[in-house]
Amino acid sequence: MAPAECEATYKVLVLGDSNVGKTCIVHRYCDQTYYDTYISTIGIDFKQKIISLDGTPIKMQIWDTAGQERFRTLTTAYYRGAMGILLMYDVTNQESFNNLTYWLKNIEENASPDVIKVLAGNKCDAVSQRMVEQDMGQKLAENYDIPFYEVSCKQNINIDKIFLTLARHIREQRSYQQLTEREHYDSGQNGNITLDLKSRILEHTSLKEPWKCTC
Amino acid sequence: MNHEYDWSLNYNMPLDDVPVDIAQEALVLNGDTMGSPKGRQPPLQYEEEWRSLLKEGIDLCDLRKKALEGGLRAARFRSVVWKLLLGALTPGSPDTWLSQVESDRNHYSTLKAKLRVSPIGSAEPQSDNPLSQDEQSTWHQFFCDRDLQALIKQDVVRTFPGVDFFRGENVQEIMINILFAYAREYPAMCYRQGMHEVLAPVVFVVHCDQQALLHTQEQSEVSPEIVTVLDPKYLEADSYTLFRRIMNAIEGSYLIPNMAPTSTGYFPANMKTTMNNTENQVVAQLNWIKEVLLAPNDPQLFQHLEQLDIPLQLFGIRWLRLLFGREFPLQDLLVLWDAIFADSSSFDLVNYIVVSMLVAIRSTLLKSDYTKCLTQLMRYPGSMDISIIIDYALYLKAPSKFSPPPKIIPPKVLVSTDEKNDRVHYHRRKQESESRK
């Protein structure tokens, strides 16, 4: 499928502590490959995959980040235009779960306020080494109102599902935005625009159209 | 990504193996891939090569020239050359070298001894115990050390998965020790991801030199000073000496303004994470490269990247942090580092190499869309001729001193870079003042 036929491009960031399996999940999803170890990501890496979202071709542009970049060095350039975030921890590593709150704070401070988030607990195949129970992840996800899956790159569990969930939510979000934009246009015609709505839409247009020519 | 960073298979040797003649092999490699007549001179005899280093004057004129021309590809004393270029040995005073080597080794062993914290049998069990919250307690230090070592190990075990040399437990332990010692000697730097891949080629080069010595010793007598300088016992200490000098020059690629990492290698958790106001040094450097070096030298490519909204930091952070370690095969990378070290102690050439690398693939970039461009830049074609990249970088830096390589398609140059070079170079000034310390 040629990229030009794609209906839309969804930019997705993969975030989480070092060694939770971010590069691994991206390779599993985009290339259907799996290795036990991956070279550490420095800065950011990039892959893309064209998927069929209920019959519509969509380009998933996935940005794989470095785990140690939690603070500051994750420059705004990375966050710019991100529509979805796959936040990851490792069920065999308690620390990576504990740090999720910092990651969520980081997202809140830097990403678009309506960015779609999903939470993944990786390495759920490693039964004997598990440190974080599934209901812990579930509870956290409910608190933040984000979808949650335990996944395994090694055994290819829930990988497609979690990306598809992300893509669906992004699509919903976008159609909602288009709707409000149309409302905005209509109400603008009638001169009834509210300040609140206006500012929200300005935000959308600046954040969601990052690939346009800026010259 | 096991297969993407394909270091030369010839060097996948375990640490204890006696290697094949590195010089000969590298020369063949050189002839095959480079076609450069410069590298085809017959190799000097081992001792003769050493004596040529002793004869170098204080400005290292001949050695620098050789390094910039890619003439060290087959060198058997590359680690010694690097020490000279990086200031760990005083050029022109070979009678001081042995004492300098010894002093650096002592520095490292003292540092290591100081860092070996054993909390067991603490004199003050009331305040110094495993549950102590006191940051001065040896127990607290012990746990911090353990966390940091675990963090380092996580990256070290993943260093160049396709290269056997780095799979050896011995080498991995050496790397962890060095990175840990560095983090403690330079707490503002601590350990950051990427440092392990700056260290890796260093350990490899020191190891190769030591193996070349062992190999030569099997066939003939070797001067005692060489035996001391390349004593395999000091792989770790000698690698540390080189590593911290390289890090000194590229620390800006790692430092984060107004923030020091905690002693476990993590950044303070409660820190506000907004980064709009204070830019990272590495981002500032990349913007500088784009505006001051790329824009005037290749306005078309500059415009293209601007239009696609591809800032240099998307790929450039990795280029700079690893000194291009993932962009070229190992043997080419070492030649590139020879040139960087030889050009100036502040590694100014790095900025021009970034532009050179971009211009070298400009025709592909110019006809590529966003995705293709990024893919090219994040997976830089490994088949690029490194000598062209270096020659063009040198030309960009000093067009009056160097001529452009014939093979590169020169973009329309509007402004001479010599003028630009006169501008204040925040980076250079800072680093030069540091390296003088």
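Biologist: Which is the crossing of α4(B) and α10(B), left-handed or right-handed?

Modeller: The crossing of these two helices is left-handed: the near helix is turned anticlockwise from the far one by less than a right angle, whereas clockwise would be right-handed. Before going on, note that this is a predicted model, where local features need pLDDT of at least 70, side-chain atom pairs count only at pLDDT 80 or more, and totals for chains, interfaces and linings use all residues. Residues are numbered from 1 along each chain as its sequence is written, chains are lettered from A and ligands numbered from 1 in the order written, and side-chain values use heavy atoms, without hydrogens and water.

Now find helix α4 (residues 78-86) and helix α10 (residues 235-250) in chain B; helices are DSSP runs of H or I, at least four residues, numbered from the N terminus. Their axes come within 10 Å and cross at roughly 40 degrees, with axes fitted to C-alpha atoms over the stretch in contact and angles from 0 to 180 degrees between N-to-C directions.

Who touches whom? From α4(B) come B:Ser79, B:Trp82, B:Lys83 and B:Leu86, and from α10(B) come B:Asp238, B:Thr241, B:Leu242, B:Arg245 and B:Ile246, where contact means heavy atoms within 4.5 Å. By class, this contact has four nonpolar, two polar and three charged residues; Asp, Glu, Lys and Arg count as charged, Ala, Val, Leu, Ile, Met, Phe, Trp, Tyr, Cys and Pro as nonpolar, and the others as polar.
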